[in-house]
Amino acid sequence: MDLLIGEYRNTLDEKGRILFPSKLRAALTQDSLIIAKSLDKSLWLYTPEYWTELKTKLMENTSLFSRQGRMLRDRLLGMAQVVEFDKAGRISVPQILREYAGLTKDCVIIGVDRYVELWDAEAYRKNVEEFEPDAAAAAELLAGVNF
């Protein structure tokens with residue numbers, strides 16, 4: 001699988017479908033993705049391979065007896081669904097996930113290497129504005145990493 005990178009803007013139609021960018025589709029090896037809630041009112045889309053890896057790590061590293069572990073598994077795994085591309089290259093975003101992310105019409109799709117984020121355009125704009133003052137401080141976390 002090639003890297004999933006880039007920022008794209010598309011619209012959600014009245015049936016909850018969105019055209020998945022052709023550059024991102026070209027990087028995929030299958031005709032389906034796993035769509036799940038993120039931790040910040042957007043949606044995460046994973047390849048089936050990466051989803052299996054993520055799910056396995058999450059299950060191995062959280063305890064059934066930990067309330068926070070159960071909540072995290074429920075949030076990430078419990079609401080996830082498989083979505084398939086139609087002939088036009090669109091995916092249908094389930095209603096419950098559209099509501100969670102506040103998706104209306106204008107959306108932003110961001111490739112983040114091994115997964116994709118799907119945002120309502122206005123929520124994404126606000127998120128970027130809120131993060132911008134902290135971006136330099138966040139980059140300091142990588143001070144010890146040699147690039």
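Reader: Hi! Which backbone oxygen lies 2.7 Å from a polar atom of the Thr62 side chain?
Author: That is the backbone oxygen of Leu58. A word on the source: this is a predicted model, where local features need pLDDT of at least 70, side-chain atom pairs count only at pLDDT 80 or more, and totals for chains, interfaces and linings use all residues. Residues are numbered from 1 along each chain as its sequence is written, and side-chain values use heavy atoms, with hydrogens and water left out.

Reader: Thanks! Where does Thr62 lie?
Author: Thr62 lies in the loop between helix H2 (48-61) and helix H3 (67-78). Helices here are DSSP runs (H or I) of at least four residues, and strands (E) are runs of at least two, numbered from the N terminus.

Reader: And is Thr62 buried or exposed?
Author: Thr62 counts as buried because its relative accessibility is 19%. Buried means under 20% relative accessible area, exposed over 50%, and partly exposed in between (1.4 Å probe, protein chains only).

Reader: What is Thr62 in contact with, leaving aside neighbours within four places in sequence?
Author: Gly69 and Arg73; contact means heavy atoms within 4.5 Å.

Reader: New topic: where is Met79?
Author: Met79 sits in the loop between H3 and strand E5 (81-84). With 23% relative accessibility, Met79 counts as partly exposed.

Reader: Which residues is Met79 in contact with?
Author: Leaving aside neighbours within four places in sequence, they are Ile35, Lys37, Asp74, Ile96 and Leu97.

Reader: Last one: what is the mean pLDDT of the protein chain?
Author: The mean is 92, and 99% of the residues reach 70 or more. pLDDT is the predictor's confidence in each residue, from 0 to 100.

Notes
A polar contact is a pair of N or O atoms within 3.5 Å; within protein, one must be able to donate a hydrogen and the other to accept it, and residues adjacent in sequence count only if both atoms are side-chain atoms.
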